[in-house]
Amino acid sequence: MKKLIYIIPFLIICCNIIGQNTLIKYSYESKFTKEQLENNEIAAVLKDVVANDKNINLELVFNDTISIFRYIDGLNVDDFSNIAKSICGCGQPYIQHKNFYYTNNDELMMEKNSYVIKDTIKKNWQITNETKNIDGLICYKATLNEIEIQPNGMPYEHNIIAWFCPSIPSSFGPIGFGGLPGTILILETNSSIFKVKEIIKNNSERIVNNLKGKIVTKKEFDAISYKSFEEGMFKE
């Protein structure tokens, strides 16, 4: 009888943990400059990619300790949708913990799932007093600006804007971004915009990090990708 008394509260606690997930659905919008869209060589392709943005369905499922951000296949998936997935970096799921995120490589230049990319969550945000009402929720603006030296030695400036919601208390967001005192409902990068569409509470999914492959940092993977690109480009 005593064992039963101990087991029942344990089961109740487990059920509560399983039911405490939140699911957020996002829309996606690609960003291209006017010059890119007017370039005769790539304009037609980019315009088709933009037209397929509506077919990109994304969701973030999270609890207090872990999240998964992933692409959900829609009904109208084609080559341009796959290009858009690669541009926004959401071709593979992101598993995010408090300090790290994990994701697999896609099949753009090497065999899919060869590597698990592990990187730290960027936390050097500048939080502002600027607010925005997003679907009845007060969100705050945060910016992140940093220069990354690419494998080819050229600098690349990241300009990130996030609108996070303190009333949804998690530190997670799309494509591995997080570390803010609230869930990111809108994320804008150099090439993409992710916007909340719907928030569903009490999702019962069990979030598991089952990614497979050789674990490397993002910096290491960028170097591997660049080498693979060079070898493929100059291969006779």
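Q: In which sense do β7 and strand β8 pair, and over how many bridges?
A: Two strands count as paired if DSSP finds at least two bridges between them, strands being DSSP runs (E, at least two residues) and helices runs of H or I with at least four, numbered from the N terminus. In this predicted model, β7 and β8 (residues 137-149) pair in the antiparallel sense over six bridges, and Lys132 stands opposite Cys139 in β8. The hairpin of β7 and β8 has two residues between the strands, and Asp135 there takes a positive phi near 50°.

Q: In what order do the twelve strands form the open sheet?
A: The order is β7-β8-β9-β10-β11-β1-β2-β3-β4-β5-β6-β12, with mixed pairing. Because β7 and β12 (214-217) stand at the edges, each with a single partner strand, one side of each is left without a neighbour in the sheet.

Q: Where is confidence lowest and where is it highest in the protein chain?
A: Confidence is read from pLDDT, which the predictor gives for each residue from 0 to 100. The mean is lowest in helix α1 (residues 2-18), at 36, and highest in strand β7 (residues 126-134), at 97. For the protein chain the mean pLDDT is 80, and 75% of its residues reach 70 or more.

Q: Which limits apply to such a reading?
A: Because this is a predicted model, local features need pLDDT of at least 70 and side-chain atom pairs count only at pLDDT 80 or more, whereas totals for chains, interfaces and linings use all residues. Residues are numbered from 1 along each chain as its sequence is written, and side-chain values use heavy atoms, with hydrogens and water left out.
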